[in-house]
Amino acid sequence: MRAKILLITLMSMAFFTQNANGADYRAIYDFEYTKDSINSIIEKDILYLEISKNSSFCFSYYTYYSDSLTNTPNGWAVWRKLFSAAIAKDGTNATSFPYKRSTFMVTKRYTLDTLCIKDMIDNDVYEYIASKNEFHWQLCDSTKTINGFEAHKAICSYHGRDWTVWFSSDIPFSDGPWVFCGLPGLILEAQDKDNLFSFRLVGLMSNQEPKKDWLGNGKKTDRISFLKKKYKYLENLTSIFNAEMGTNIPENKNDTRYLDGLEPDFKQ
């Protein structure tokens, strides 16, 4: 998968410079977050940002694949077989079966000042609205080349984390991975001050069949209420998973900063 994405990157960057007026694109990002800095445990995800003329939709490829597999009886049987084989091979350290990574799904409509965010706690879907106007970007003088594009540096404090991002005005989308937006060009890289989270563009291509939101309407809530509820769920996730799947995965007691998530201001 990794080699395929890198090949797409090399091909798509040249294509994009010749077809910048195309209606639909897919930006692919590596998303990494530290689950335990003491034991150097890094979780890796791949995010798709589906860009159309009037909106964008960001989600985890792995979560999409896992949901697609388990949403049918036959697919569920395949998933159970893959899960059992992974556990038999690698025990409680198994990660080779399809499983959800990031569960957030972000829809940005370019004519609106708000974002629509869907997220999950266990099997329950929630949705809430956030404001784009909470990004107060400070543009910096620094530049560097990323994937052949000149990128400019910007910094921002957003919902409890300080971020440094690099964007390119050569790619005319005021967008980026996750909820990031509001800069005069696509965000190519983003990293928080504590080096717990990072996003990096690895592919950009014309997209003939953009993925759509595959979840139904979620329970209406607000951002802070949702993040507090999810934090409590994640605190007990290992014991919940062990009970549901019959495993005996030990709980991580070393470094739990990742439980605070991308927006730790809910704890203030």
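## A buried aromatic pair

Phe135 and Phe180 are both buried in this predicted model. Their rings form a tilted aromatic pair, with 6.1 Å centre to centre and 50° between the planes. Phe135 sits in the loop between strand 6 and strand 7, while Phe180 belongs to the loop between strand 9 (161–168) and strand 10 (186–192), so the pair ties together parts that are 45 residues apart in sequence.

Phe180 also forms a tilted aromatic pair with Trp137, at 6.2 Å centre to centre and 50° between the planes. Trp137 lies in the loop between strand 6 and strand 7 and Phe180 in the loop between strand 9 and strand 10, so this pair ties together parts that are 43 residues apart in sequence. Trp137 has a relative accessible area of 16%, and because buried means under 20%, Trp137 counts as buried. For Phe180 the relative accessible area is 0%.

## Other aromatic contacts

The structure holds 28 aromatic pairs. One aromatic cluster is formed by Phe31, Tyr33, Phe104, Phe135, Trp137, Tyr158, Trp163, Trp178, Phe180, Phe197 and Phe199. Elsewhere, a charged side chain meets a ring: Arg101 lies over the face of Tyr62, at 3.8 Å from the ring centre.

The loop between strand 9 and strand 10 also contains Phe173. Phe173 is counted as buried, at 11% relative accessibility. Between Phe173 and Pro184 there are 7.1 Å in space, C-alpha to C-alpha, and the two are 11 residues apart in sequence.

An open sheet of mixed pairing is built from 12 strands, in the order 7-8-9-10-11-1-2-3-4-5-6-12. Its edges are strand 7 (138–146) and strand 12 (219–220); each has a single partner strand, so one side of each is left without a neighbour in the sheet. In general, strands of a sheet pair through backbone hydrogen bonds, in either the parallel or the antiparallel sense.

## Strand 2 and its neighbours

Strand 1 (residues 25–36) pairs with strand 2 (residues 41–51) in the antiparallel sense, over 11 bridges. Across this pairing, Ala27 stands opposite Leu49 of strand 2, and Asp36 stands opposite Ile41 of strand 2.

Strand 2 also pairs with strand 3 in the antiparallel sense, here over five bridges. A hairpin of three residues joins strand 2 to strand 3. Ile51 stands opposite Ser56 in strand 3. Strand 2 is mostly covered, with eight of its 11 residues buried.

## Helices across the strands

Helix 2 (residues 61–70) lies across strand 2 and strand 3 (55–60), and runs at about 75° to strand 3. Helix 4 (residues 223–235) lies across strand 5 (114–121) and strand 6 (124–131), running at about 25° to strand 5.

## Cysteines

Zero disulfides are found in a search of the whole structure. Cys58 is buried, with a relative accessible area of 0%. Cys140, at 24% relative accessibility, counts as partly exposed.

Note on methods:
Residues are numbered from 1 along each chain as its sequence is written. This is a predicted model: local features need pLDDT of at least 70, side-chain atom pairs count only at pLDDT 80 or more; totals for chains, interfaces and linings use all residues. Side-chain values use heavy atoms; hydrogens and water are left out. A disulfide is a pair of cysteine sulfur atoms within 2.5 Å. Buried means under 20% relative accessible area, exposed over 50%, partly exposed in between (1.4 Å probe, protein chains only). Two strands pair if DSSP finds at least two bridges between them. Helices (H or I, at least four residues) and strands (E, at least two) are DSSP runs, numbered from the N terminus. Contact means heavy atoms within 4.5 Å. Axes are lines fitted to C-alpha atoms, for helices over the stretch in contact, and angles run from 0 to 180 degrees between N-to-C directions. Rings of Phe, Tyr and Trp (its six-membered ring) pair if their centres lie within 6.5 Å; planes under 30 degrees apart count as stacked, over 60 as edge-to-face and the rest as tilted. A charge sits over a ring if NZ of Lys or CZ of Arg is within 6 Å of the ring centre and within 35 degrees of the ring normal.
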